[in-house]
Amino acid sequence: MACNNKILSFLKKVIHNSIKDSLKFASIDIGSNAMRLLFCRVIEDNTATTYIKESLIRMPLRLGQDAFTIGAISEDNSKKLIDTIHAFYLMIKAYDPISFRSCATAALRTASNGKTIVDLINSKVEVDLEIISGEEEARIIMANHIDQHLDQQKNYIYIDVGGGSTEISFIFNRQKVSSKSFPIGSVRLLENQVTDDDWQEMKRWILKNKANFKGNVKGIGSGGNINKIFSMSQLQKNSEIDISTIQNVLSGISPLSIQKRITELGLRPDRADVILHAGKIYESIMRWSQCKEMIVPQSGLPDGIIHELYDSYINTKI
C-alpha cells in the first residue's frame with residue numbers, strides 16, 4: 001500500500017509540473033454560421049508536443065445570413081457581434097494566454113460594412129480582429145500539423161467546408177501543391193446564393209488539378225458538419241469515413257423535418273438546417289476528385305490559429 005501511495009504521489013507531481021510548465025493560447029474564429037473561442041494548452045516534453053483543447057465556446061450567430069442575402073451585417077447582428085467579442089475578450093483575459101489571435105472569414109469578407117464593423121470592434125476591444133482572405137484561411141487550416149495523417153506514398157485532397165466558403169488543397173509528398181477558396185458554403189446554399197457557375201468553377205478546378213495525380217486521392221475533411229456526420233456514422237476506426245457512409249448518413253437525415261433533426265437526432269438548430277448542404281459539398285468534391293475515403297481529424301481554423309501561435313512562440317525563443 002505504501003508503494004502504491006508513493007507511485008500515486010509521483011504521478012500527481014508529474015502531472016502538476018506538466019500543467020505548471022505548459023503554454024496557453026487562445027483563438028477567435030468569426031465564421032458565417034457561428035463564432036468560436038478556443039482555449040488550448042500546449043504541453044512540451046522531450047518526445048512530443050501535445051495540444052489539449054481546454055474549452056471551445058461556440059456562439060450561434062449566423063452573420064452569413066445577412067452578408068449573403070442583403071450584402072451587409074444588420075445593425076442588430078452587429079451589436080450581438082460586438083457584445084460577443086467583448087465577452088470573449090474578458091474570458092481571454094481571465095485565461096491569461098501567452099498570445100491569441102482573432103480572425104473573421106467569409107461573412108465579414110463579403111459584407112459591405114465588414115471592415116467598418118471590424119474597425120469599430122478594434123476601437124472598443126483589444127482583440128486586433130482581422131478579416132483574412134480565403135487563401136489565408138486555407139493556409140491556416142493547413143497548419144494543423146496534418147502531416148501525422150499523411151502517407152508519403154499517397155496523394156490527398158484537403159477539404160474545409162464553412163458557412164460561406166470552401167477551401168480545397170491538393171497535397172503531394174506531404175506538400176501542398178495547389179489550393180483555392182470557393183464562394184460555396186452551407187449557409188450560402190441555405191440562402192440560395194450559390195450559382196451553377198460557382199459549382200462548375202469548382203468542378204473544373206478539381207478535375208484540372210486531379211489530372212496531375214495518378215490513381216486515387218484520399219480526403220482530409222474539416223469543419224463542424226463533417227465532424228458531426230462522422231460522429232453520427234458511429235465509426236471510430238482510424239478517424240476515417242468513406243463516401244458511401246457519408247451518403248448513408250445524409251440519406252438518414254434528409255427525410256426528417258428540421259424539428260425532428262433537432263429532437264430525434266440531437267442536432268443543434270443552426271446545424272440541423274445546413275448539414276445536408278455541407279454534406280452535398282463534401283460528397284461532390286469527393287466524387288469529382290475520385291476520392292473514396294476521408295480522414296476526419298476533428299480540427300479547423302481555431303486549431304490552426306493555435307498551432308501557428310505556438311510555432312511563432314517557439315521561433316522567438318530560438
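**Close-up views of a predicted model**

**View 1. Helices H6 and H14 in contact.** In this predicted model, Glu137, Arg139, Ile140 and Ile141 of H6 meet Leu301, Gly304, Ile305 and Glu308 of H14, where contact means heavy atoms within 4.5 Å. By class, this contact has four nonpolar, one polar and three charged residues. The axes of H6 (residues 134–141) and H14 (residues 301–317) come within 7 Å and cross at roughly 70°, which makes H6 roughly perpendicular to H14 (the term covers angles of 65 to 115 degrees).

**View 2. Helices H9 and H13 packed together.** Helix H9 (residues 224–232) packs against helix H13 (residues 275–288) at an angle of about 95°, with the axes 9 Å apart, and the two are therefore roughly perpendicular to each other. Asn225, Ile226, Lys228, Ile229 and Met232 of H9 make the contact with Ile275, Ala278, Gly279 and Tyr282 of H13. Six nonpolar, two polar and one charged residues form this contact of H9 with H13.

View 3. Arginine 41 lies in strand E2 (residues 35–44) and counts as buried because its relative accessibility is 14% (buried means under 20% relative accessible area, with a 1.4 Å probe and protein chains only). Its side chain is joined to that of glutamate 54 by a polar contact of 2.9 Å, a term for a pair of N or O atoms within 3.5 Å, of which, within protein, one must be able to donate a hydrogen and the other to accept it.

**Notes.** Residues are numbered from 1 along each chain as its sequence is written, and side-chain values use heavy atoms, leaving out hydrogens and water. Local features need pLDDT of at least 70, side-chain atom pairs count only at pLDDT 80 or more, and totals for chains, interfaces and linings use all residues.

Conventions. Axes fitted to C-alpha atoms, helices over the stretch in contact; angles between N-to-C directions. Helix = DSSP H or I, 4+ residues; strand = E, 2+ residues; numbered from the N terminus. Parallel < 35°, antiparallel > 145°, perpendicular 65-115°, else oblique. Nonpolar A, V, L, I, M, F, W, Y, C, P; charged D, E, K, R; others polar. Buried < 20%, exposed > 50% of the residue type's maximum accessible area, 1.4 Å probe, protein only.
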